[in-house]
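Here is a briefing for a first look at a structure. Have the sequence and the 3D view open while you read.

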Amino acid sequence: MTDNELFNKLFSGGNFTLPYLVKFSRPTENGTENIYLINDNKSVVYDGNTYNISTFDYMPPDSNGSGGSLSITANDDNNLVNFIENADSRWELQVIGILREDNEVEDLHIYKHMFGSVSMDETGGVEFNLG
């Protein structure tokens with residue numbers, strides 16, 4: 001996929017969601033806790049990590065680096081409830097890549113979110129506002 005094709009897929013809008021591979025990280029007493037998710041209907045192994053099935057909407061930040069967000073339902077399957085409750089202010093979200101139509105992963109090295117806020121409602125809906 002050329003850079004131009006990738007740019008058009010990321011920013012062309014439309015009513016579809018790209019299958020993003022994301023990694024949530026937070027420091028722990030014993031190292032780092034990581035959660036790997038993909039918003040697709042099948043898990044993917046990439047770079048030695050299994051990205052588990054999830055449903056989320058990721059909006060990349062604008063050209064000024066603001067406005068990024070990720071909306072997801074936190075549940076026991078994706079381990080995000082514990083992650084959010086224990087992450088205090090030291091969590092990170094990295095968008096690893098997108099899954100192309102040929103089932104190959106297109107690396108993304110530009111979306112690494114270390115600042116922002118997270119809110120969770122009583123139904124488990126979580127909104128990450130990303131910097």
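This is a predicted model: local features need pLDDT of at least 70, side-chain atom pairs count only at pLDDT 80 or more; totals for chains, interfaces and linings use all residues.

Residues are numbered from 1 along each chain as its sequence is written, and side-chain values use heavy atoms, with hydrogens and water left out.

**Sheet**

- Helices (H or I, at least four residues) and strands (E, at least two) are DSSP runs, numbered from the N terminus.
- An open sheet is built from 4 strands in the order S5-S6-S11-S10, with antiparallel pairing.
- Its edge strands are S5 and S10 (116-120), and each of them pairs on one side only.
- From one strand to the next, the twist averages 10 degrees. The axes behind this angle are lines fitted to C-alpha atoms, for helices over the stretch in contact, and angles run from 0 to 180 degrees between N-to-C directions.
- Two strands pair if DSSP finds at least two bridges between them. S10 and S11 are joined by 5 bridges in the antiparallel sense.
- Val118 has Phe128 in S11 as its bridge partner.

**Nonpolar cores**

- In soluble globular proteins, nonpolar side chains tend to be buried together.
- A nonpolar core is a set of buried Ala, Val, Leu, Ile, Met, Phe, Trp, Tyr and Cys residues joined through side-chain atoms within 4.5 Å. Buried means under 20% relative accessible area, exposed over 50%, and partly exposed in between (1.4 Å probe, protein chains only).
- The largest core has 24 residues, and those touching the most other members are Tyr20, Val22, Phe24, Leu70, Leu80 and Phe128.
- At least two residues of this core come from each of S1, S2 (31-38), S5, S6 (68-73), H2, S7 and S11.
- A second, separate core holds 9 residues, including Leu21, Tyr46, Tyr51 and Ile96.
- Val22 has contacts beyond its neighbours within four places in sequence, among them Ile35, Leu37, Tyr51, Leu70 and Ile96. Contact means heavy atoms within 4.5 Å.

**Aromatic rings**

- Rings of Phe, Tyr and Trp (its six-membered ring) pair if their centres lie within 6.5 Å; planes under 30 degrees apart count as stacked, over 60 as edge-to-face and the rest as tilted.
- The whole structure has 5 aromatic pairs.
- One of them joins Tyr20 and Tyr58 edge-to-face, at 4.9 Å centre to centre with 75 degrees between the planes.
- Tyr20 lies in strand S1 (residues 20-28) and Tyr58 in strand S5, so this pair ties together parts 38 residues apart in sequence.
- Tyr20 is buried at 3% relative accessibility, and Tyr58 is buried at 7%.
- Trp91 and Phe128 have ring centres 5.2 Å apart and planes at 65 degrees, so their pair is edge-to-face.
- Trp91 sits in the loop between H2 and strand S7 (92-99), and Phe128 in strand S11 (residues 125-130), so parts 37 residues apart in sequence are tied together.
- Trp91 is buried at 8% relative accessibility, and Phe128 is buried at 1%.
- Phe24, Phe83, Trp91 and Phe128 make up one aromatic cluster.

**Salt bridges**

- Side chains of opposite charge can pair when their charged atoms come close.
- A salt bridge is a side-chain nitrogen of Lys or Arg within 4 Å of a carboxyl oxygen of Asp or Glu. There are 3 salt bridges in the structure.
- Arg26 and Glu33 form a salt bridge at 2.5 Å, N to O. Arg26 is buried at 11% relative accessibility, and Glu33 is buried at 19%.
- Arg100 bridges to Asp102 at 3.0 Å, N to O, and to Glu106 with the closest N and O atoms 2.9 Å apart.
- Asp102 is partly exposed at 46% relative accessible area, whereas Glu106 is buried at 14%.

**Two single residues**

- Ser54 is in the loop between strand S4 (49-53) and strand S5 (56-59).
- Ser54 is buried, with 9% relative accessible area. Not counting residues up to four places away in sequence, Ser54 touches Leu37, Ile38, Asn39, Asp40, Ile72 and Asn78.
- Glu85 belongs to helix H2 (residues 80-86). Glu85 is exposed at 57% relative accessibility.
- Glu85 and Met120 are 35 residues apart along the chain, with 9.9 Å between their C-alpha atoms.
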